[in-house]
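Colleague: Could you take me through this model before I start on it? I would like to go by topic.

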Amino acid sequence: MCISKVIEFTAFNSFYEKYRPLTPYGKAHKEALHFYTQSSELDTIHLITDALISFIKKHEHQALKVENHLSRIDRLNTLDKNEYDAVDIQLIKKFLLQLRAIDNELNETTKQLLNFKYELNELLQKLMPDSDQSESFYLSSAFDDALKTVRNTIRLRDEELEAIRINKCHEIKEKYLIDMDGREFVLIDKQRAELLEVSDLNCEFYDSNLIKVKPYFGKSYLEALQAKENLLMKESELEKKVLIDLSETIKQNKEALKQAIDTICLLDISLARARFSLQLKLNKPDYKASSIDLTDGVYYPLWEKHQQKQLGYTPLNAAFDSNAILLSGSNMGGKTVLFKTLAFLQLLTQLGFRVPAKRFSTRLFDSIHVLGNGQSGNVEGLSSFGQEIHQLTEAIEASDERLIFVDELARTTNAKEAKAILFAVLKFVTQHVNITGFFSTHFINMPAINLVAKYRMKGLNRQAYEQHCYEQPDDINEKIRLINAFMQYEVVPDDGQQSKDALSIAGMLGLPTEIINYANDYLDQ
């Protein structure tokens, strides 16, 4: 299911970024945004999350150590190959070291829930025959006796070559007063051109003033050098043999490694969920209810903005016992925020998270759809109205369980037809219980429709505003703060009363009094 529009509508990513898995596998799972539609899947997720919340609370130090080890895990190169190179094996060794360390920190209850089984110690020991506990990997001589012998012989050859070089350079210094000082060559003045004729030096003109002088080490040096080259070739063959042997062992453990990766991913995302829940004080939702009901629901992205601006925030309390809900109210009265709050909490629930609400009861849907409120369409050649109808058709025509939010349906056509379309769609939704639809409107006196629950936002507390406010602030942020202070962001049954909140808000935002009076006169006629 594509949930990109819901994510955009709810500004979800500003909240989701606070959820921080530590491994490449957990981060990939986060990016995939798994949308769960089966309660059994969510039951398992919350069971594990509960256990890890308990683990963090009781064993904070061990939890921090587990998180440290998780953060040190790198993504392995593909395991589906015939031969593994040193980089592949280094990553596997590092992974197994972290896996072993995590196994030492987790309690048995958590291991059982995660099906965490450390069964790869034999492989780890095979990758470090010299008991090297570092995260690096090299082809140690301990892997193979023949390799050890060859490397020892190479070392002897190096010593032999070094002795020849030292002796020759000492001889050159005494004989020609040229100090090589460990250098490959030296530059001397061309006045010593006689050196061009000697047999134990390689000399050539460097430029018009200098001669380049190199020692000639002789036949024994060349023979020793050739012997070393042969040994290096043998070493390379033996190293390849070791890699092939290790590759065979890794292939034998490939499925266990894949299972370990899956387990680490599950631990990572579950521990991140638990930490996330504790930090933000989230609560487990009830996703097996028949209708949507919430207490102190918080639309976190807006709450966070209000905190930054030192504005008050009113949590949402509401119960909707119908699958067709019509919501009215003035602009800035909270209709869109209500929709965003519900969509946000539903999305969190079906992504397997706890929610910022004291209580959130809902049921699971196969998809969530958002129409209106600036949601753009994707069909070229259609007008705004055409795009809206196309999206609405897609949202309601399927037979699976769907949750839809529609902000002012058909707002771009004439009011009479728009009202008729809204009436018809609401009636259609009441007859299709697989759809739960929330619709906002500015229309007043909408006819009653059987099974449609009509609500309105409580709106501006004009009496309190008139009693306490005598002057309008000039700063727009102060005006918003003032509206927020006297706006009652509560949902109440729609009693059919006509609201004048829009005019009051327009006045609070600075629309001239003369215009406000003209508008009131018009409404009174």
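Predicted model: local features only at pLDDT ≥ 70, side-chain atom pairs only at ≥ 80, totals over all residues.

Colleague: What share of the residues is buried?

Modeller: Buried residues make up 45% of the 525 residues in the protein chain.

Colleague: And how much of the contact is between residues 24 or more positions apart?

Modeller: Such residues account for 73% of the contacts in the chain with a separation of 6 or more.

Colleague: Let us turn to charges. How many salt bridges are there?

Modeller: The count comes to 33 salt bridges. Side chains of opposite charge can pair when their charged atoms come close.

Colleague: Which residue does K288 pair with?

Modeller: K288 forms a salt bridge with D43, and the closest N and O atoms are 3.1 Å apart. K288 lies in the loop between α11 (254–280) and β4 (292–297), while D43 belongs to helix α4 (residues 39–58), so this pair ties together parts that are 245 residues apart in sequence.

Colleague: How accessible are K288 and D43?

Modeller: K288 has 53% relative accessibility and counts as exposed. D43, at 30%, counts as partly exposed.

Colleague: What does K284 pair with?

Modeller: K284 forms a salt bridge with D50, with 3.0 Å between the closest N and O atoms. This pair also links distant parts of the chain, as K284 is in the loop between α11 and β4 and D50 is in helix α4, 234 residues apart. K284 is partly exposed, with a relative accessible area of 42%, and D50 is partly exposed at 26%.

Colleague: What about D200, which partner does that side chain meet?

Modeller: The side chain of D200 meets that of K175 in a salt bridge, at 3.5 Å from N to O. D200 sits in the loop between β1 (186–189) and β2 (201–205), and K175 sits in helix α9 (residues 145–176); the two are 25 residues apart.

Colleague: Is D200 buried or exposed?

Modeller: D200 counts as buried because its relative accessibility is 8%, under the 20% cut-off. K175, in contrast, is exposed, with a relative accessible area of 52%.

Colleague: Which residues do salt bridges with shared partners join into one network?

Modeller: That network consists of R72, D74, K94 and E135.

Colleague: You mentioned helix α9. Where does K168 lie, and what does K168 touch?

Modeller: K168 lies in helix α9. K168 touches D200, P215, Y216 and F217, not counting residues up to four places away in sequence. K168 is buried, with a relative accessible area of 11%.

Colleague: Now the helix packing. At what angle do α3 and α11 cross?

Modeller: The axes of helix α3 (residues 24–32) and α11 cross at roughly 65° and come within 8 Å. That makes α3 roughly perpendicular to α11. The crossing of the two is right-handed.

Colleague: Which residues meet there?

Modeller: From α3, Y25, G26 and H29 meet I261, C265, D268, I269 and R273 of α11. The residues of this contact divide into four nonpolar, two polar and two charged.

Colleague: And how do α6 and α10 cross?

Modeller: The axes of helix α6 (residues 86–105) and helix α10 (residues 219–252) come within 11 Å and cross at roughly 45°. That makes α6 oblique to α10, and the crossing is left-handed.

Colleague: What is the make-up of that contact?

Modeller: A86, I89 and I92 in α6 meet L243, L246 and I250 in α10. The residues of this contact comprise six nonpolar, no polar and no charged.

Colleague: One last residue. Where is V186, and is V186 buried or exposed?

Modeller: V186 lies in strand β1 and counts as buried, at 8% relative accessibility. Leaving aside neighbours within four places in sequence, V186 is in contact with I178, D179, M180, I211, K212 and V213.

Colleague: How far is the C-alpha atom of V186 from that of C203?

Modeller: The C-alpha atoms of V186 and C203 are separated by 9.9 Å, and the two residues are 17 residues apart along the chain.

Key. Residues numbered from 1 in each chain as written. Heavy atoms only, no water. Salt bridge = Lys/Arg side-chain N within 4 Å of Asp/Glu carboxyl O. Helix = DSSP H or I, 4+ residues; strand = E, 2+ residues; numbered from the N terminus. Buried < 20%, exposed > 50% of the residue type's maximum accessible area, 1.4 Å probe, protein only. Axes fitted to C-alpha atoms, helices over the stretch in contact; angles between N-to-C directions. Parallel < 35°, antiparallel > 145°, perpendicular 65-115°, else oblique. Left-handed = near helix turned anticlockwise from the far one by under 90°. Contact = heavy atoms within 4.5 Å. Nonpolar A, V, L, I, M, F, W, Y, C, P; charged D, E, K, R; others polar.
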